[in-house]
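Hi there,

I'm passing a structure on to you, with my notes on what turned up in it. Could you look through them when you have a moment?

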Amino acid sequence: MLIRGFAGITLLAAAPLWAQVAASGAEAAATGPDGGGGAMATPAPVSGEGYSMGFTSETRANYLRGGLRFGSAYDDNATVGTNGKPVSDVSYSVWPTISLDQTRSRLHWVLSYSPGYTFYQKASSLNSENHNLAVDLSYRLSPHVTLSLRDSFLKSSNVLNQPNSDLARPVSGAVFVPNESLIAPIADVLTNNANATLTYQFSANGMIGASGTFTNLHYANQAQVPGLSDSSSRGGSAFYNHRLSKMNYVGATYQYQFFLANPTVGQSETQAHSVFLFYTLYFKPTLSLSLFGGPQYSDTEQFRAPASKAWSPAAGASLGWQGRLTSFAASYSRRINDGGGLSGAVHSNTAEASLRRQFTRTLSASIGGNYANNNVLNALPQFTTNGHTLSGSASAQRQIGERLNLQLQYTRLHQSYSGIAAISGTPDRNRASVTISYQFSRPLGR
């Protein structure tokens, strides 16, 4: 979530490839006359995709892209010293990048990979390698059946220090989005998020679908993150989607989720069953509004705590606009979610927004913000780690010549979680960075 919320957009090669993926579903909404006759779109609440922050002018497929990025950042609260006070530091990073975007008559797939290494001026013991891998594939099995697969893997010592993070993880309007609101200090973290969706358009205006999800969060060195814990989730869902007209879609979805957290003592397990109604309005192919809502039932078992079963309401809203020179996305949701490092599943309230603007051919800028409030379900007193995260970011980028880009970015982070030493020692962070990148692109099959 945070990676989506920090909207310091980098106009790298990833921009057009992610723009192509997100635009394809919206374009389907405008196919055919009112009432149907063409391919249906899969609305944001059940698509599993995020809103693209790429411009429509950047939508290009069948390209091989690559580059090299050098960056330096100042963090006023990078670590906690032996006296318990925050310690600032300067870091230097290098990332080679490679991406492949290919479209065929029945297949569209995008692969991007960016390894890297980060050096710290003071805390050299924190020097680490990073890996950022993402795969997005859509395959039309038949004229009316489509399979979509998505997987992302991240190994990092600092989630605030990632190449093209906002384009790879945009704002989402889905009924389930992994909880990434907690930001650990500089620590080795591994995350893996996967999604598979199968859709079948059985009539001119009717579609059914099913999906499965998997998420995993692992802290390689628990001593770096006292109070935080590993967590994982898996789940499945089925949905019905009906097109009322070219602009209006309604539907319903059932979702099952299993959340697992491993705090320092025992573990916490939560099973959640959800039934949501959803509605999406396509003002035009690149502008849509989505709403969803319904009941959730949770069954939580935690070490040395009585089982807890409860009903709770859930709802969400999202808006996405992808223009020629401006892109905007915003969302709000209230739902049961994984703890994202807390001692168990949580009731979460999340709001985020991102705005990107191209001012001239060589100058662009972006701003974004994120707020998340997390309350652990059935928490024991020693694990009561309710709290909130508030973040904001702004960036500007200048293209220098044909292949060079310069980016300036500022990020502000505030977190308040009682009982988590890893965060309470560094509740506020200010980070400023400068990055210069070299990039190239080559057309495929031409």
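Let me begin with Tyr 200, which is partly exposed at a relative accessible area of 38% (buried means under 20%, exposed over 50% and partly exposed in between, with a 1.4 Å probe and protein chains only). Please keep in mind that this is a predicted model, where local features need pLDDT of at least 70 and side-chain atom pairs count only at pLDDT 80 or more, while totals for chains, interfaces and linings use all residues. Residues are numbered from 1 along each chain as its sequence is written, and side-chain values use heavy atoms, leaving out hydrogens and water.

Back to the rings. Searching the whole structure gives six aromatic pairs (Phe, Tyr or Trp rings, the six-membered one for Trp, with centres within 6.5 Å; stacked under 30 degrees, edge-to-face over 60, tilted otherwise). Tyr 200 and Phe 202 make a tilted pair, since their centres are 6.3 Å apart and their planes at 50°. Phe 202 is partly exposed too, at 40% relative accessibility, and ring pairs join Tyr 200, Phe 202 and Tyr 240 in a cluster.

Next, the salt bridges (a Lys or Arg side-chain nitrogen within 4 Å of an Asp or Glu carboxyl oxygen): there are four. Asp 75 and Arg 429 meet at 2.5 Å, N to O. This pair ties together parts 354 residues apart in sequence, because Asp 75 lies in strand 1 and Arg 429 in strand 18 (strands are DSSP runs of E, at least two residues, numbered from the N terminus). Both Asp 75 and Arg 429 are buried.

Arg 150 bridges to Asp 136, with the closest N and O atoms 3.4 Å apart. Here strand 5 (residues 145–156) is tied to strand 4 (residues 128–142), as Arg 150 lies in the former and Asp 136 in the latter. Arg 150 and Asp 136 are also buried.

Asp 428 and Arg 412 form a bridge at 3.5 Å, N to O, and it links strand 18 to strand 17. Asp 428 is partly exposed at 27%, as is Arg 412 at 36%. Shared partners also join Glu 49, Asp 136 and Arg 150 into one salt-bridge network.

Best wishes

Technical notes:
Helix = DSSP H or I, 4+ residues; strand = E, 2+ residues; numbered from the N terminus.
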